[in-house]
Amino acid sequence: MKLGKLQHRSGVFTQFFRFFAPFCGKALLTGVLLAGSISLAFAGGSSEGSGSGKSGQSIVVFVPGVTSGSPIYEMLVAGVQKAVDEKGGTSLKVVEGGFNQAEWESKITSLAASGAYQLIISSNPAMPAICGAVAAKFPKQKFLLLDGQLAGNPQIYTLRYNQREQAYLAGYMAALVSQTMGSAKKLGLVAGQEYPAMNDIILPGFLQGARAVDGSFSVDFRVVGNWYDANKGSELASSMIREGAKVILPIAGGANQGVVQAASESGAKVVWFDVNGYGIKPGVVVGSAILKQDKAAYEKTKLYLEGKLPFGKAELVGVADGYVDFVDDDPVYIQTVSEPIRKKQAEIVTRFRTGAFSLREDGTEIRN
């Protein structure tokens, strides 16, 4: 599907996860990490003193997939672990839920029913709806959910990232690089699958950022159909490159590696998403628009342990809040991307960071 003038889809969408599994590894990470005494003297959820700032807290992180090889979930676990390590008498367990979304609710239900954890932490746009259903059965159980949104439930706190801003920064960088390659005013985006956040936030945000550089840019958008097929990712990227898209944004899990390989073999470039990707293929990966999930997990878990997490609140955070950003200080970026491009990218990144410029999720531009 090729997109010139992109039309925003309207309608009501159900909760869906931003990606099923960034990589297809099957490594299993479970275990109990003890930092002190454990308080388990409650049943059917957490005690009323949950998050009171006292020691004896017991927390479980539910990973909707696997941790190893999934940067977003690796950051989630690392951030929570850091907060737990700083709080004496707090224990942490990590449970991996696997890739079958149909099983997630029953697994979350089991964790709540065990009465073993005052707080259940997870991260995925599907989790608020799932945990909302579980919370109704266990009215004392508390949830801290990242990368999702649900307001007004006194048992649940959610934080969602402004991926419109993240995608805009990726598109802006991609367009700047494309202009120097003498190619058509066309960029590529390879997705693992279509889902609401991709269709309505990331894809239009990527195009919006590109058109801020030059209004005639278009996006060639193609879908792998899963989150692991590197060969299919390579095929799609190679076809895009032949048809004029010399800079590609892959958001396709394990299939990303196929996109990088195709770009490397064809002299094309790649812009990375969610984590710092410069080291994956120096000189091929020319930009990294990231989420600071480890920062969010650490800070919000710490607030919970201090008794200050505002349950019932749903936050949307972006670049100016410090949870979305563009990596511009990596030595590989500085060495492999020309100074004129870096300077132009720095201008827009600085405007976002200072709050002089921001975006609503619908693409509305706010200038202060």
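Student: Which way do strand 8 and strand 9 pair, parallel or antiparallel?

Tutor: In this predicted model, strand 8 (residues 186-191) and strand 9 pair in the parallel sense, over six bridges. Two strands count as paired if DSSP finds at least two bridges between them. Helices (H or I, at least four residues) and strands (E, at least two) are DSSP runs, numbered from the N terminus.

Student: Nice, and what stands opposite L187?

Tutor: That would be V219, in strand 9.

Student: How does the chain cross from strand 8 to strand 9?

Tutor: The path goes through helix 5 (residues 196-213), and this β-α-β crossover is right-handed. Right-handed here means that, with the strands pointing away from the viewer, the path from the first strand over the helix to the second runs clockwise.

Student: How many residues of strand 9 are buried?

Tutor: Five of the six residues in strand 9 (residues 218-223) are buried. The cut-offs are under 20% relative accessible area for buried, over 50% for exposed, and partly exposed in between (1.4 Å probe, protein chains only). Both D220 and R222 are buried, and their side chains meet in a salt bridge with an N to O distance of 2.9 Å.

Student: What's your salt bridge rule, and how many does it give?

Tutor: A side-chain nitrogen of Lys or Arg has to be within 4 Å of a carboxyl oxygen of Asp or Glu. By this rule the count comes to 13 salt bridges.

Student: Okay, which residue does E361 bridge to?

Tutor: E361 pairs with R160, and their closest N and O atoms are 2.3 Å apart. E361 lies in the loop between strand 15 (357-359) and strand 16 (365-367) while R160 is in strand 7 (residues 156-161), so the pair ties together parts that are 201 residues apart in sequence. E361 and R160 are both buried.

Student: And what about D325, where is its partner?

Tutor: D325 forms a salt bridge with R353, with 3.0 Å between the closest N and O atoms. D325 is in strand 14 (residues 324-326) and R353 is in helix 10 (residues 339-354), so this pair links distant parts of the chain, 28 residues apart. D325 is buried at 11% relative accessible area, whereas R353 is partly exposed at 33%. Through shared partners, salt bridges join K292, D325, D328 and R353 into one network.

Student: Switching topic: which residues have the most contacts inside the largest nonpolar core?

Tutor: They are I59, V61, V80, Y161, L189, M198 and F206, in a core of 93 residues. A nonpolar core is a set of buried Ala, Val, Leu, Ile, Met, Phe, Trp, Tyr and Cys residues joined through side-chain atoms within 4.5 Å. Helix 4 (residues 163-179) gives the most to this core, with ten residues. A second, separate core has 20 residues, including V60, I108, Y117 and A126.

Student: What does V80 touch?

Tutor: Leaving out residues up to four places away in sequence, V80 touches I59, V61, L92, I121, A297, Y298 and T301. Contact means heavy atoms within 4.5 Å.

Student: And L169, where is that one?

Tutor: L169 is in helix 4 and is buried, with a relative accessible area of 0%. Beyond residues up to four places away in sequence, L169 has contacts that include V319, F326, I348 and F352. D325, from the salt bridge network, is also one of the residues that L169 touches.

Student: Which residues other than glycine have a positive phi?

Tutor: Two to look at are D147, with phi of about 65 degrees, and D274, with phi near 80 degrees. Most residues other than glycine have a negative phi. D147 lies in the loop between strand 6 (142-146) and strand 7 and is buried at 5% relative accessible area. D274 is found in strand 11 (residues 269-274), and at 8% relative accessibility D274 counts as buried too.

Student: How many helices and strands does the chain have?

Tutor: Ten helices and 16 strands. Buried residues make up 57% of the 368 residues.

Student: Last one: what should I know about the numbering and the cut-offs on confidence?

Tutor: Residues are numbered from 1 along each chain as its sequence is written, and side-chain values use heavy atoms, with hydrogens and water left out. As this is a predicted model, local features need pLDDT of at least 70 and side-chain atom pairs count only at pLDDT 80 or more, while totals for chains, interfaces and linings use all residues.
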